[in-house]
Amino acid sequence: MASIGADDIRNYYVGTKFQFTYYFRSRRFIGLLIFSILITILILFLDLHYDYSALKAENSAAFLYNYLSNGIIAYFAILAAFFGGDMISMDLGTSTAFYTLVQPIKRSVLYLGRYTAAFLSTLAFVSILYIGAIAGSLYLYRTVSALILPSFGFALLYMLALISFATLFSAIFKTPSIGLVVSILFLILVYPAIQGIISALAGINPWMFVTYAGEMIYLVFSKNYVVYSVTNTQFAYLYTFNPTGDEAILIMIGYIIVFSLVSMIVFTKKEIKG
């Protein structure tokens, strides 16, 4: 079993710092930063302008539930795809491999450094979303539900799971843009569509989909949400599944471990060709 030495720790730190600096100075980071601020302001404006009276009659937890359930799964998917979808292929699919991958640094250490940088980058955007949530709650109720802390924890864990998933496509495809696009398609279109079909129509618990676990980010604000129910309509039975907190944690940790290991192995074994 390979041991971790002082050089590995130093290389991990340098790799993380270099990759985060690369992200921070990129047009992608600036563009997503502007996009995230505008989206946060837009959501707050729409909620406060059109639903002010209704929200005023509610409480902080109800406001945060509505705020965070507005397309947050798609928003997180975009972040993960942009920072994880080309994390590996940026080397394997370009000429930079002949410089970066011949350095005296283990690819596994390089992967972990980049993974950390990707997470730290997305953390900034997730924090913007939650700052907006806190601001809206304080404006309406002069208080913030304590449940925002576990919600933020679920959001960070979900982000790690999505990045792990996106890096797999980055490891499979050599072209960075393909890994990015496929990640977005899977997390925004394919996963939600299949999840909806097998859960609502087939009555199968969609625990195998990380997007299912991500719903816990806003479900945590609801005390009595339905975990499982069956509705008998005129045409068919419709099933409803919602994750519990423990179930969501296990699913997300499973995604982090499995997809990170697979991506790391693929990255380590791939050869440089050119």
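Is Tyr 111 buried or exposed? Tyr 111 turns out to be buried, because its relative accessible area is 1%, and buried means under 20%. Keep in mind that you're looking at a predicted model.

**View A. Tyr 111 and Tyr 115 make a stacked pair.** Here's the partner of that tyrosine: the ring centres of Tyr 111 and Tyr 115 sit 6.0 Å apart, with the planes at 25°, so this pair counts as stacked. Both residues belong to helix α8 (residues 107-141), where they are 4 residues apart, or about one turn of the helix. Tyr 115 is buried too, with a relative accessible area of 10%.

**View B. Phe 29 and Phe 83 meet edge-to-face.** This time the planes are at 75° and the centres 6.4 Å apart, so the pair is edge-to-face.

**View C. Phe 29 and Phe 83 belong to an aromatic cluster.** For the model, the count of aromatic pairs comes to 24.

**View D. Met 252 sits in the largest nonpolar core.** This core has 71 residues, and Met 252 is among those with the most contacts inside it, along with Phe 76 and Val 210. Skip the neighbours within four places in sequence, and Met 252 is in contact with Phe 154, Leu 157, Tyr 158, Ala 161, Val 210 and Ala 213.

Technical notes
Residues numbered from 1 in each chain as written. Predicted model: local features only at pLDDT ≥ 70, side-chain atom pairs only at ≥ 80, totals over all residues. Heavy atoms only, no water. Core = buried A, V, L, I, M, F, W, Y, C linked by side-chain atoms within 4.5 Å. Buried < 20%, exposed > 50% of the residue type's maximum accessible area, 1.4 Å probe, protein only. Contact = heavy atoms within 4.5 Å. Phe/Tyr/Trp six-rings, centres within 6.5 Å; stacked < 30°, edge-to-face > 60°. Helix = DSSP H or I, 4+ residues; strand = E, 2+ residues; numbered from the N terminus.
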